[in-house]
Amino acid sequence: NPQISVVKPEVVKEEPLRAELRAFLECVRTRSKPLVTLEDGRRALKVALNIVEAIQAHAERNRLNILNR
């Protein structure tokens, strides 16, 4: 399909927490805007917590189904 193009971004091997701290310190030093806003970070955290909650609920339902057999 000519409307779809594949782009392979460059991936640098770096420990994620170290990269996050490095980016944070760079923003503080240069007073620049971070790549991810506070609002985006909060939304991402909310999605992650919802996923964990759904996984736990699913596991509990399966556990109860097994016990009721």
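Analyst: Helices (H or I, at least four residues) and strands (E, at least two) are DSSP runs, numbered from the N terminus. Leu25 sits in helix H1. This is a predicted model: local features need pLDDT of at least 70, side-chain atom pairs count only at pLDDT 80 or more, and totals for chains, interfaces and linings use all residues. Residues are numbered from 1 along each chain as its sequence is written, and side-chain values use heavy atoms, with hydrogens and water left out.

Now the exposure. Buried means under 20% relative accessible area, exposed over 50%, and partly exposed in between (1.4 Å probe, protein chains only). Leu25 has 41% relative accessibility, so it counts as partly exposed.

Next, a charged pair. A salt bridge is a side-chain nitrogen of Lys or Arg within 4 Å of a carboxyl oxygen of Asp or Glu. Glu26 makes one with Arg29, and their closest N and O atoms are 3.5 Å apart. The two residues are three apart in helix H1, so about one helical turn separates them. Glu26 is partly exposed at 39%. Arg29 is exposed, with a relative accessible area of 62%.

Glu14 and Arg22 also meet in a salt bridge, at 2.9 Å from N to O. Glu14 is partly exposed at 31%. Arg22 is partly exposed too, at 48%.

Arg31 lies between helix H1 (16–30) and helix H2 (38–67). Arg31 is not a glycine, yet its phi is positive, at about 55 degrees. With a relative accessible area of 78%, Arg31 is exposed.
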